[in-house]
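Have a look at the model first, then read on.

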Amino acid sequence: MVVGFGGWRDFKFLFAGKNLRHESRIYAVDDNGQLLSYGDAGTPGNVSSPVVVGFGGWKDFKFLFAGKNLAGENRIYAVDKDGQLLSYRDAGTPGNVSSPAVVGLGGWLQFKFLFAGQNLAGENRIYAVDQNGQLLSYGDNGNPGNVSSPAVVGFGGWLQFKFLFAGKNAAGENRIYAVVDQA
């Protein structure tokens, strides 16, 4: 089903998440570095006009994705040029994205993949693939500089993938999906 009719390839980042009002959103970063928020009503061609929730600087991040901290609060995570992991809140109104909280103090630029998901116990996690090909799992308790030490949950081979992301299957089970890079 086509829900947006054009221009989506122009975005540097495009990802799904929820704002603080628990509304499902599609987030995008435009050519001006603004963070845009769209709604999808579930019918063809229905995607809403964008709401600018972040006014600039969003193109400068290496990673940008949505997730939840350990308290279950919806977050937008970003890695800045200094390798810090930042956490933002989106209250759901224009220009409302909070100032960032630095939840990871450095070293986040080294990862090939960085994304949020849940483990089989239903705990909110931040997953990363390090330079050794290990899959790491972190917790964010919501306080500045708080991200936990990593737990190694996959011992190797994770660098071979072109895509790696978290989701749920039709039975509602938390999963990590991967596509092998055949290059």
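1. First, the exposure terms: buried means under 20% relative accessible area, exposed over 50%, and partly exposed in between (1.4 Å probe, protein chains only). With that in hand, lysine 81 and aspartate 82 are both exposed. Their side chains meet in a salt bridge, at 3.8 Å from N to O. The term stands for a side-chain nitrogen of Lys or Arg within 4 Å of a carboxyl oxygen of Asp or Glu.

2. Before going further, keep in mind that this is a predicted model: local features need pLDDT of at least 70, side-chain atom pairs count only at pLDDT 80 or more, and totals for chains, interfaces and linings use all residues. Residues are numbered from 1 along each chain as its sequence is written, and side-chain values use heavy atoms, with hydrogens and water left out.

3. How many salt bridges does a search of the whole structure find? Three. One of them joins arginine 75 to glutamate 73, with the closest N and O atoms 3.4 Å apart. Arginine 75 is buried at 9% relative accessibility, while glutamate 73 is partly exposed at 36%.

4. Arginine 21 and glutamate 23 also form a salt bridge, their closest N and O atoms being 3.3 Å apart. Arginine 21 is partly exposed at 45%, and glutamate 23 is partly exposed at 30%.

5. Now the backbone. Histidine 22 has a positive phi of about 65°, although it is not a glycine. Most residues other than glycine have a negative phi. Histidine 22 sits in the loop between β1 (14-18) and β2 (24-29); strands here are DSSP runs (E, at least two residues), numbered from the N terminus. Histidine 22 is exposed, with a relative accessible area of 53%.

Methods
Helices (H or I, at least four residues) and strands (E, at least two) are DSSP runs, numbered from the N terminus.
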